[in-house]
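Here is a short briefing on one protein chain. Keep the structure in view as you read, and look up each residue as it comes.

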Amino acid sequence: MENTHKLVIIVGSVREGRFGPVVASWVADQARAHGAFDVQVVDLADVEVPLALPAASPKFAGDDYPRPAGMEPLTSALDGADAFVVVTPEYNHSYPASLKAAIDWHFTHWTAKPVAFVSYGGAAGGRHAVLHLENVLTELHAVTIRDGLAFPNYFTAWQDGQPLDPDAAGYAKTLLDQLTWWAGALRAAREAAPYPA
């Protein structure tokens, strides 16, 4: 299968000692092995993402939105992506503030593009975070993928950078198969006609 779709994997947590980079690295390996994607990992810890936003909304400012220069790698990656995987923990039954800020600084970058979720946490495996993210990204006209990956009790469920669940790679393939279909369908639709946002 040709590498035809640009996939951006976002590491959503910037907390000290976070587990996100381990999960994102594994997801990136699965995506590369899948064969349908050119993969880029964007770690929000490496990007300047202020919590305070300008008064103007990015919805109306478009490309003229005054983003910090340190945010350019994130903005460029989101702009060029055909699909996203968001890797998120669950903090207090939701997702990290860093991830919300990254989303809020960008408006049109998610439009008519598919987003899949890989979460990790305690007993719920980050599912509360994903439920909130689905609401937010649907508001921005993204298409959320039904079959995500959740890793409950990740602190005992991983070893040497790999999940201990022997079925994890199969679940990842299902996610990536769906993401591939949506990435192709939505890219063709965007090329055929502007999305009526």
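In this predicted model, seven of the seven residues of strand β4 (residues 114-120) are buried, so the strand is largely enclosed by the rest of the structure.

- Strand β3 (residues 83-89) pairs with β4 in the parallel sense, over six bridges. In this pairing, A116 of β4 is the bridge partner of V85.
- Between β3 and β4 the chain passes through helix α4 (residues 97-104), and this β-α-β crossover is right-handed.
- Strand β5 (residues 143-144) runs parallel to β4, and two bridges join them. Here V115 stands opposite T144 of β5.
- Strand β6 (residues 149-151) also runs parallel to β4, joined by three bridges. Here V118 stands opposite L149 of β6.

**Salt bridges**

- Side chains of opposite charge can pair when their charged atoms come close.
- How many salt bridges does the count come to? The count is seven.
- One of them joins the side chains of D43 and R18, at 2.8 Å from N to O. D43 lies in strand β2 (residues 37-43), and R18 lies in the loop between β1 (5-11) and α1 (20-34), so the pair ties together parts that are 25 residues apart in sequence.
- Is D43 buried or exposed? D43 is buried, because its relative accessible area is 14%, under the 20% cut-off. R18 is partly exposed, with a relative accessible area of 24%.

- The side chains of D82 and R187 meet in a salt bridge of 3.2 Å, N to O. This pair links distant parts of the chain, 105 residues apart: D82 is in the loop between α3 (72-80) and β3, and R187 is in helix α7 (residues 168-192).
- D82 also forms a salt bridge with R190, at 3.4 Å from N to O. R190 is in helix α7 and D82 is in the loop between α3 and β3, so this pair ties together parts that are 108 residues apart in sequence.
- Together, D82, R187 and R190 are linked in a network of salt bridges.
- R187 counts as partly exposed, at 25% relative accessibility. R190 is partly exposed, with a relative accessible area of 25%.

**Helix α7**

- Helix α7 has 25 residues. From its first C-alpha to its last it reaches 36 Å, close to the 36 Å expected at 1.5 Å a residue.
- Which residues of α7 are buried? They are A168, A172, L175, L176, L179, T180, A183 and L186.

**Buried residue A83**

- A83 is found in strand β3. A83 is buried, with a relative accessible area of 0%.
- What does A83 contact, leaving aside its neighbours within four places in sequence? A83 is in contact with K6, L7, V8, P114, L179 and A183.
- Some of these names have come up before.
- A83 and V39 are 44 residues apart in sequence. In space they are 9.9 Å apart, C-alpha to C-alpha.

**Buried residue H109**

- Where is H109? H109 sits in the loop between α4 and β4.
- H109 counts as buried, at 7% relative accessibility.
- Leaving aside neighbours within four places in sequence, H109 is in contact with R67, T75, L78, D79 and F84.

Key
Residues are numbered from 1 along each chain as its sequence is written. This is a predicted model: local features need pLDDT of at least 70, side-chain atom pairs count only at pLDDT 80 or more; totals for chains, interfaces and linings use all residues. Side-chain values use heavy atoms; hydrogens and water are left out. Buried means under 20% relative accessible area, exposed over 50%, partly exposed in between (1.4 Å probe, protein chains only). Helices (H or I, at least four residues) and strands (E, at least two) are DSSP runs, numbered from the N terminus. Two strands pair if DSSP finds at least two bridges between them. A crossover is right-handed if, with the strands pointing away from the viewer, the path from the first strand over the helix to the second runs clockwise. A salt bridge is a side-chain nitrogen of Lys or Arg within 4 Å of a carboxyl oxygen of Asp or Glu. Contact means heavy atoms within 4.5 Å. The expected span of a helix is 1.5 Å times one less than its number of residues.
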